[in-house]
Amino acid sequence: MDFPDRQSCPICGEPVPLAITTCPFCKGSLRVDVALASPMEDERIRYQLARAIASLGPPAPDFVAAQRALQDPRPVLARGISRLAAQRFVEALADFGLAGIVERGGTLAPQGPFGARRLALMAVVAVVAGGGIFLFTLRRGSSPAPAASPQSPSPVSTARSLPWPNNSSPLSVKDLRELAAPAVVEVRSGDHRGIGFFVARDLVLTTTQATQGSPLEVSGGKQGTLKAQVTAQDGRLGLAVLRVAGAIDEPLRLGDATALHPGERILFSRLEPGGPVLREARLGTTGRQLGGVAYLALDGEVQPFDTGAPVLDEHGYVMGVVFFRAEAADQPFLLPINYAYEETRLLERPVPAPNLKKWRTLLAEIEAAEKLRVEQPSLAQPSEAAPPPEPSPSPSPSTR
């Protein structure tokens with residue numbers, strides 16, 4: 001959304017730039033406060049949002065202080081910022097289904113007992129929002145993209161990754177099916193067929209194998225068959241990102257594969273003549289490193305033609321992509337979705353950001369288990385191969 005450069009001063013009525021905080025004519029304050037229109041009642045949403053705020057580092061509050069701030073009946077997220085920063089902030093909140101209220105500075109309810117810690121949060125929101133790079137605006141592409149090397153494509157801005165509103169409990173299969181069905185598509189390129197899924201309203205993540213011919217088309221979603229083009233790909237992972245002109249489909253939200261644990265129920269989407277359907281599977285107990293890439297095992301009726309399908313947890317987050325490897329032809333694997341944003345520049349990291357330390361630990365454990373398998377095959381029993389870390393007390397998003 002484009003904002004006007006100037007608006008009338010609420011005190012003297014003179015047109016003044018939105019980015020300033022003091023009227024040059026009457027010297028009155030133009031600072032505003034931003035609050036949520038309703039409290040954050042869902043504990044899981046507060047948890048994930050607090051993680052995102054804490055991840056900014058000083059002077060933002062730590063996780064506990066941020067979570068407490070969001071428990072207020074009328075959460076005030078920013079105080080004393082410019083009107084331009086407030087408008088951008090409110091638009092960013094709206095992207096996540098959150099309604100923001102902008103009031104003249106100092107008119108919102110006073111701070112609670114955690115005022116000192118919350119003031120730090122408000123300061124960082126004001127500073128970052130004013131610079132046009134507030135955390136939630138990553139998806140909208142308002143922040144400058146990092147410079148990319150010729151070998152590394154720029155990361156593709158993806159779907160928002162806050163938890164599904166008012167859904168801290170696992171979703172029913174029916175609800176998961178309704179979420180996944182519009183986002184899962186068939187990718188066609190010449191004689192090649194594959195599965196892909198929307199990670200943003202006009203972006204599809206699929207396998208490179210499905211993009212080897214022409215013309216390249218995506219079939220499914222709300223618009224039927226649309227033309228597509230490859231915007232980024234990684235040959236080592238076998239993943240590609242397609243831009244689908246004219247698509248307005250609701251994307252799936254990216255999660256964090258380190259939140260899974262062995263035996264957990266997961267679901268993958270299979271393309272059938274009548275459209276996408278969800279099939280149940282379980283996360284296996286063994287991890288494998290094949291071609292330098294770490295995979296998690298899948299237990300269930302997963303077939304080679306399911307390659308490229310999204311694997312969802314019970315909260316509707318994409319935890320990975322179905323893959324089969326020639327080195328283990330009979331074994332289906334889950335390629336962790338973390339690879340798409342931690343080890344490559346295919347996609348941007350979800351917000352809130354997943355735990356990078358847990359991801360590094362998972363990779364190291366699977367690498368060690370694979371080394372044991374190769375050097376001492378008699379000792380590499382399935383139970384010794386590295387499973388993903390146990391989940392934290394509250395489900396991880398992605399963010400995720």
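Which loop holds Gly300? Gly300 sits in the loop between strand E15 (293–299) and strand E16 (310–312). The views below come from a predicted model, in which local features need pLDDT of at least 70, side-chain atom pairs count only at pLDDT 80 or more, and totals for chains, interfaces and linings use all residues. Residues are numbered from 1 along each chain as its sequence is written, and side-chain values use heavy atoms, with hydrogens and water left out.

**View 1. Gly300 in its loop.** Gly300 is partly exposed, with a relative accessible area of 42% (buried is under 20%, exposed over 50%, partly exposed in between; 1.4 Å probe, protein chains only). Pro332 is 32 residues from Gly300 in sequence and 8.6 Å away in space, C-alpha to C-alpha.

**View 2. The closed barrel of six strands.** The order is E6-E7-E8-E11-E10-E9, with antiparallel pairing. From one strand to the next the twist averages 40° (axes are lines fitted to C-alpha atoms, and angles run from 0 to 180 degrees between N-to-C directions). Strands (E, at least two residues) are DSSP runs numbered from the N terminus, and two strands pair if DSSP finds at least two bridges between them.

**View 3. The two faces of strand E9 (residues 216–219).**

**View 4. Neighbours of E9.** Strand E6 (residues 184–189) pairs with E9 in the antiparallel sense over four bridges, and Ser189 stands opposite Leu216. Strand E10 (residues 225–234) pairs with E9, also antiparallel, over three bridges. Here Val218 faces Leu226 as its opposite residue, and Ser219 stands opposite Thr225.
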